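Please look through the chain below before reading the notes that go with it.

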Amino acid sequence: GVLSANGDRYNYKQLRLTSGPLNASGSIAVGSDSALSGRINAELGSKGLVVARGSLNVAGAVRDPVLRP
């Protein structure tokens, strides 16, 4: 992915995770107060067959992240 910093705010964009049957992409911002915001799109399956797909909102804090559909 790509990291950019502006003062005390960090933006992680074009994130990509691949681990076995899990593929995920998205972006996350970390505010000056360690608050998280962003969105993750995830797929579970193989290249020929996707078993599950979903989008998750990222919230909470760095020490206590929360993922919500």
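The report goes from the whole chain to the sheet, the core and then single residues.

## Basis of the model

The model is predicted; local features need pLDDT of at least 70, side-chain atom pairs count only at pLDDT 80 or more, and totals for chains, interfaces and linings use all residues. Residues are numbered from 1 along each chain as its sequence is written, and side-chain values use heavy atoms, with hydrogens and water left out.

## The chain as a whole

The protein chain has six strands and zero helices. Helices (H or I, at least four residues) and strands (E, at least two) are DSSP runs, numbered from the N terminus. In sequence order the pattern is β-β-β-β-β-β. Along the principal axes, the C-alpha atoms fill a box of roughly 45 × 25 × 15 Å.

Of the 69 residues in the protein chain, 13% are buried. Here buried means under 20% relative accessible area, exposed means over 50%, and partly exposed lies in between (1.4 Å probe, protein chains only). The protein chain exposes about 5,100 Å², and 53% of this comes from carbon and sulfur atoms. Accessible areas come from the Shrake-Rupley method with a 1.4 Å probe, and for residues only the protein chains shown count as cover. Among contacts with a separation of 6 or more, 12% join residues 24 or more positions apart; a contact means heavy atoms within 4.5 Å.

## The sheet

The six strands form an open sheet in the order β1-β2-β3-β4-β5-β6, with antiparallel pairing. The edge strands are β1 (2–6) and β6, each of which pairs on one side only. Neighbouring strands are turned against each other by 15° on average, direction ignored. For such angles, axes are lines fitted to C-alpha atoms, for helices over the stretch in contact, and angles run from 0 to 180 degrees between N-to-C directions. Two strands count as paired if DSSP finds at least two bridges between them. In general, strands of a sheet pair through backbone hydrogen bonds, either parallel or antiparallel.

How many bridges join β5 to β6? There are five, and the two strands run antiparallel. A hairpin connects β5 to β6 through two residues. Gly-60 has Pro-65 of β6 as its bridge partner, while Asn-57 stands opposite Arg-68 in β6.

Val-62 sits in the loop between β5 (50–61) and β6 (64–68). Its relative accessible area is 46%, so Val-62 is partly exposed. Beyond residues up to four places away in sequence, Val-62 touches Val-30, Ser-34 and Leu-36. Val-62 and Asn-23 are 39 residues apart in sequence, and their C-alpha atoms are 22 Å apart in space.

## The nonpolar core

Which residues make up the largest nonpolar core? It consists of five residues: Ala-24, Val-30, Leu-36, Ile-40 and Val-58. The elements giving two or more residues to this core are β3 (22–30) and β4 (36–45). A nonpolar core is a set of buried Ala, Val, Leu, Ile, Met, Phe, Trp, Tyr and Cys residues joined through side-chain atoms within 4.5 Å. In soluble globular proteins, nonpolar side chains tend to be buried together.

Leaving aside neighbours within four places in sequence, Val-30 is in contact with Asp-8, Arg-9, Tyr-10, Tyr-12, Ala-35, Leu-36 and Val-62.

## The salt bridge

The count of salt bridges is one, where a salt bridge is a side-chain nitrogen of Lys or Arg within 4 Å of a carboxyl oxygen of Asp or Glu. Arg-53 forms it with Glu-43, and the closest N and O atoms are 2.9 Å apart. Because Arg-53 lies in strand β5 and Glu-43 in strand β4, the pair ties together parts that are 10 residues apart in sequence. Arg-53 is exposed at 63% relative accessibility, whereas Glu-43 is partly exposed at 31%.

## Residues with positive phi

Gln-14 is not a glycine, yet has a positive phi of about 55°. Gln-14 belongs to strand β2 (residues 9–19) and is exposed, with a relative accessibility of 62%.

Ser-34, also a residue other than glycine, has a positive phi near 70°. Ser-34 lies in the loop between β3 and β4 and is partly exposed at 33% relative accessibility.
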